[in-house]
Amino acid sequence: MMNLTRPPEQARLDATLVRLQIALPVGIAIAVAVYAGIFEILLVENVPRWTHFILEFLIFGLFGAVAVWVALGWVRRLVDENIERDRQARAQERLLATITANSADAILLLDNEGCVKSWNRGAELLFGYQPSEIVGKHFAVLVPADRTAEIERIHTLLHEKGFVRDWITQRLTRDGRKLTVELTRTLLRDENGAVIGSSSTLHDVTAREKSAMEVRELNRQLETLVAQRTRELAESNRELRRRQYELEKANAELKQLDELKSEFVSLVSHELRAPLANISGSLELLLSDASSLTTNQRDLLSLANDQAARLTRLVRGILNVSRIEAGQTLLQMQAFDLTALIERLCEQWQLCDNEHIWIADTPGNLPSVWADRDRIEEVLTNLMENAYKYSDPDTEIRVRSETRDGEMVIAVSDQGKGIESEDLHLIFDKFYRVERDDARKTYGYGLGLYISIKLVEAMGGRLWAESEIGKGSTFYFSLPLAGHSAAAHPQAMAFN
Ligand code: ADP
């Protein structure tokens, strides 16, 4: 049970009153003794009656009145102070009671046995018990069965430290629901330090804990997912590395095969060159004196000669490619006049091809280029031959040259069928030919542009094409100007 003792102010008032109770009679007794002793015994015979009256009046009347007046004033002041303190204490109590009563948290006062002494509105709303139903009962009615073991721990901690703070636990409502609460308990002591009970504040954190649990669950799921994805990634990484290894292996095998094939083709071509030259020479000799032959025999001989020339071109092309790929092509770099070369080639083509109009569009005063003259003639011949092969009769084939950004740019334009944009970057690949109706009719092996681009790049230039279906194509290549790049490109060099 709570032990309510008197406050210190009250005790002080009591002590003062006791002191007055003693001091007043003692004072009056002393005054009587003084009067009786001094005046009645010693001076009575010499003092007249009126003097006696005045002295008695001064001693008893004035002294008594002053003593009572001082004592009453003293008591009144103490009582006033006491009343004021009492008023302030009650106001504070009311304030505390209001705060406690209106708090959203449940605030309980428990006595030393753990029985509920006070139950606020917050507790009512949280647990559903009216004060009349719970005050006097042990707080254990609020504790779920699976939490009873915890009570002893809280009790020990409370008595060791004097408080327990932010303890997350569970409590039972009147209708049997479990609430998650944050518990703060504080030991209450009287002015002498004796424990008189404890206060208990319970803050409902069910929703907060539920969200925290959900977040924890989400985190757990996320971690599982991340771990799973990491495993999958590692697995697919392993798979990728395995495939990359297989690809590299297959690539190396292919490269080896390609090298073998190139070696073989080059060997065969090399071996074919001499017999082909003999065949072509013999056929041309026969054709130059064919008067004794019938027309049919002459036609057959001329067909054989054409086929031998075609085979010779293929063999030359293949040998060219294998030399380029083996890095065995030696360039003889020199400064020369490209305009003269272009004009000569156009004239030659016009002589043997009456079907097209060949135009050399070159300004007279262009600077010389720094390149291998024979190789540039080969490149120009490839591009001009393509323009001839892939454009119709009575159309124009124009070869232009101009200086642009410190280099010479040569353009070979035709008015042929053009090239689809998806083929434009493929035509420079080895053996690539565009699938077209005329592909069979036009002779070729898809080597000309491959050889040309390799040669131009080796001389420090670029080769590219622009084309429009139905309108024609233009093949450009650039070359360094003499004097600009002589130092960068030595006179003789091998390339691959
Ligand atoms: P090919 O010996 O087949 O002509 P190229 O390497 O010179 O080999 O050309 C590759 C392909 O590019 C040709 O088969 C052709 O389809 C296309 N091509 C080249 N030049 C032209 C052009 N001027 N007009 C249209 N197509 C062209």
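1. A polar contact here is a pair of N or O atoms within 3.5 Å; within protein, one must be able to donate a hydrogen and the other to accept it, and residues adjacent in sequence count only if both atoms are side-chain atoms. By that rule, a polar backbone atom of G446 sits 3.3 Å from an oxygen atom of the ligand. The protein covers 96% of the 530 Å² of accessible area (Shrake-Rupley, 1.4 Å probe) that the ligand has on its own.

2. This is a predicted model: local features need pLDDT of at least 70, side-chain atom pairs count only at pLDDT 80 or more, and totals for chains, interfaces and linings use all residues. Residues are numbered from 1 along each chain as its sequence is written, and side-chain values use heavy atoms, with hydrogens and water left out.

3. An N or O atom in the side chain of N386 is 2.8 Å from a ligand oxygen. For Y390, a polar side-chain atom lies 2.8 Å from an oxygen atom of the ligand.

4. The shell holds 18 residues (a heavy atom within 4 Å of the ligand). N386, Y390, D414, R433 and L449 come nearest. The shell residues divide into nine nonpolar, five polar and four charged (Asp, Glu, Lys and Arg count as charged; Tyr as nonpolar; Gly as polar).

5. Which elements each supply at least two shell residues? They are α9 (373-389), α11 (448-458) and β13 (472-480). Helices (H or I, at least four residues) and strands (E, at least two) are DSSP runs, numbered from the N terminus.

6. Check the backbone at two aspartates. D166, in strand β3 (residues 163-172), has a positive phi near 50°. D405 lies in the loop between β10 (396-404) and β11 (407-413), and its phi is also positive, near 50°. Most residues other than glycine have a negative phi.
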